[in-house]
Amino acid sequence: MLAILGLILLAFVGVIVYFKWFYSSDDIDTESYYVKSLPLSSDRFPDDFNEIAAIVKDNYSLAESKNLNLDSICDLYAIRVKDISSPKEYGEMLEEFFASLQVGHSYVYLKSYTAGTFPTVINDSVFISNPNDIMTKSGFRDKDRVIAVNGESVIDWMNRNEKYVAASTSLNRRLFAAANIFRSLFDTTRDYTVCRGNDTIEINLPLLPNDSLPSSVSAKTDSKVLNDNIGYLAINTMMDGVIESFVSEFNKVRNLPYLIIDVRNNEGGNSGNGRELARYFIHEDQPHCVDNKIISPVDDAYQGKVVLLTSPMTFSAAESFVIDMKESGNIILIGEPTAGDTGNRPKTFKTSSGICFRIPTAPPSVSPKGFPLEGIGVAPDYLVSQTVSDFINDKDTQLEFAKQYLTATNLDF
């Protein structure tokens, strides 16, 4: 009888632990902090990190596939945290730790100071594109090339800061290392050296708290007619509301024989939305790459020729959409490889101190046609990158290539 009661108690505790950790993101109140306002004192940093490490070792699902020794990694950072005395150092260490897991869906919830901009990166050159009010008031202009940050060359700055970027591929990591030139956990101002034509200009830029930036709502989708035969449809997110926005814009271009779909700036959202969008372009039933649910084409699915534009920013649910589209056999990919991460069931966890973080919890898997769902970007059929000369002249190299491809004679898909 005691043995039976013991087994029942053990099972009960196991269920509690399972739901507390594995399904924690369904229950917890996710919080994000500025490092100066972390909800724990410096003497609690070691205990907090040890709790993080224990959760990661129990739940992170991709360590073996990435040849990572979690025990060694966690032990290394557990030693480092003993010498950390400031919130700034602890925040930096946490970002570095989660980046060391080598996956885009691994990160700690920390707020940052930012200029609210994302630069254009071409061969490690960082350009300003359509600067917002914060940037222009500080003196930045469109097409400025940033050559130094706080007196350090852009290349050296990116090389030094890549270790803080959570990413599944080197292309995605490099892109966001460049973007983080305008983001900081603690700096509220930065100095930039800018090349503008033949002039070199020094600019001091304030970085604002992320949650105090002026609100800006970008369109979930956008469309336009490029010429009598080619339509353009940008899908900029997979978050809620994209389906309704898509239908409205799609109806404006659906009767054209050629269509360019642009997901280069789509960082994902809900994979179910991507699955639903794919129904408008596939021609027969096929399994969804993430959960194998059958995707059936809508009754009036698009029958024309489709080109899909991708980039290293195409991530998460946007990436699974790309895989579904590619495996339909109905489209041509043009641009650069995607970010290489569809999610692997990311879950959010919270320590007893209140620090929240997110890691993948599903084991490595492949699409119905055998493509890895994490670790490798989806390669385009035609590798085309933006050129500096085209950027300076307001020309979209990849879009222009897609237009030329679709209008070429003897088109053969």
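Let's start with the lining of the second largest pocket: α4 (87-99), α6 (154-161) and β7 (183-184) each supply at least two of its residues, and α6 gives the largest share, three residues. Helices here are DSSP runs of H or I with at least four residues, strands are E runs of at least two, and both are numbered from the N terminus.

This is a predicted model, where local features need pLDDT of at least 70, side-chain atom pairs need 80 or more, and totals for chains, interfaces and linings use all residues. Residues are numbered from 1 along each chain as its sequence is written, and side-chain values use heavy atoms, without hydrogens or water.

Back to our pocket, which holds about 310 Å³ of space. Of its 18 lining residues, Glu-92, Trp-157, Asn-161, Tyr-164 and Arg-190 are the closest to the centre. The volume is the space filled by probe spheres set on the points.

Now, how confident is the predictor? On pLDDT, its per-residue confidence from 0 to 100, the protein averages 92, and 92% of residues reach 70 or more.

Finally, Val-56: beyond four places in sequence, Val-56 is in contact (heavy atoms within 4.5 Å) with Leu-70, Phe-97, Phe-98, Leu-101, Phe-357 and Ile-359.

Conventions
pLDDT is the predictor's confidence in each residue, from 0 to 100. On a 1 Å grid over the protein atoms alone, a cavity is a set of points where a 1.4 Å probe fits but cannot get out, and a pocket is an open set with protein on both sides within 12 Å along at least five of seven lines; lining residues have an atom within 4 Å of a point.
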